[in-house]
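Me: Could you go through this model with me, starting with how the terms are meant?

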Amino acid sequence: MRSKDFSYREVIHLIAYTDGSYRKVNGEYKCGWAYVLMNEQGEIVHQEYGSTNEYISTRNVVGELVAVIKLVGFCELMGVEYLTIYHDYLGVGAWAEGTWKAKNEMTKRYKNFMKDTPIKIKFIHVDGHSGNKYNDMVDELAKKGCECNE
């Protein structure tokens, strides 16, 4: 029997795909981001996309990182403990895990954010535009994100 002050928290493990995009929309370059979040059975439980004007000179890279930041922030709010992130840009995992040196303000902010999350994250690189159903889906959502107003 559990005492009243014992807080049971179910272990939650989710799977996500993230992506960023950079394209011309109405004559102006825009950066989009997106993520798709699934349970272990592969059912989509949440998806989100949008745009960012910060660090636009980095093209799609900022979208890749913003997608992960938005995803992790959402998962923290939902009490997720374990997260597997599939991504097609190597820097997503490399900066977070410290295998790439964060050299500019954007990558340093990303690395620090990821260092501070309580979620245990596993990063898995997938090839972009290779027929992976969920990576292709999040790629299309990131393109739609370019059309959003920040």
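Reply: Two strands count as paired if DSSP finds at least two bridges between them, and the elements themselves are DSSP runs numbered from the N terminus, helices being H or I of at least four residues and strands E of at least two. This is a predicted model, in which local features need pLDDT of at least 70 and side-chain atom pairs count only at pLDDT 80 or more, while totals for chains, interfaces and linings use all residues. Residues are numbered from 1 along each chain as its sequence is written, and side-chain values use heavy atoms, with hydrogens and water left out.

Me: Fine. What is the strand order in the sheet?
Reply: The five strands form an open sheet in the order 3-2-1-4-5, with mixed pairing. Strand 3 (44–52) and strand 5 (120–125) are at the edges with a single partner strand each, so one side of each has no neighbour in the sheet. From one strand to the next the twist averages 20°, where axes are lines fitted to C-alpha atoms (for helices over the stretch in contact) and angles run from 0 to 180 degrees between N-to-C directions.

Me: In which sense does strand 2 pair with strand 1 and with strand 3?
Reply: Strand 1 and strand 2 are antiparallel over 11 bridges, with Ser21 opposite Gly32 in strand 2. Strand 2 (residues 28–38) is also antiparallel to strand 3, over eight bridges; Trp33 has Gly50 of strand 3 as its bridge partner, and Tyr35 has Glu48.

Me: How many residues of strand 2 are buried?
Reply: Nine of its 11 residues are buried, which leaves strand 2 mostly covered; buried is under 20% relative accessible area, exposed is over 50% and partly exposed is in between, with a 1.4 Å probe and protein chains only.

Me: Which residues take a positive phi in the two hairpins?
Reply: In the hairpin of strand 1 and strand 2, with two residues between the strands, Asn26 has a positive phi near 50°, although Asn26 is not a glycine. Most residues other than glycine have a negative phi. Asn26 counts as exposed because its relative accessibility is 79%. In the hairpin of strand 2 and strand 3, with five residues between the strands, it is Gly42 that takes a positive phi, near 85°.

Me: Which helices lie on the sheet?
Reply: Helix 1 (residues 60–78) lies across strand 1 (13–25), strand 2, strand 3, strand 4 (82–87) and strand 5, at about 35° to strand 2. Helix 4 (residues 133–145) packs on the sheet too, touching strand 1, strand 2 and strand 3, and its direction makes about 45° with that of strand 1; contact here means heavy atoms within 4.5 Å.

Me: Switching to helix 3, which of its residues are buried?
Reply: Met106, Thr107, Tyr110 and Met114 are buried in helix 3. These residues cover an arc of only 90° around the axis, so they are on the same side of helix 3, the arc being that of the directions from the helix axis to the C-beta atoms. The buried residues of helix 3 pack against helix 1, helix 2 (91–97) and strand 5, while the face turned away from the buried side carries the exposed Glu105, Lys115 and Asp116.

Me: And what caps its N-terminal end?
Reply: Asn104 does, with a side-chain oxygen 3.1 Å from the backbone nitrogen of Met106; a polar contact is a pair of N or O atoms within 3.5 Å, where within protein one must be able to donate a hydrogen and the other to accept it, and residues adjacent in sequence count only if both atoms are side-chain atoms.
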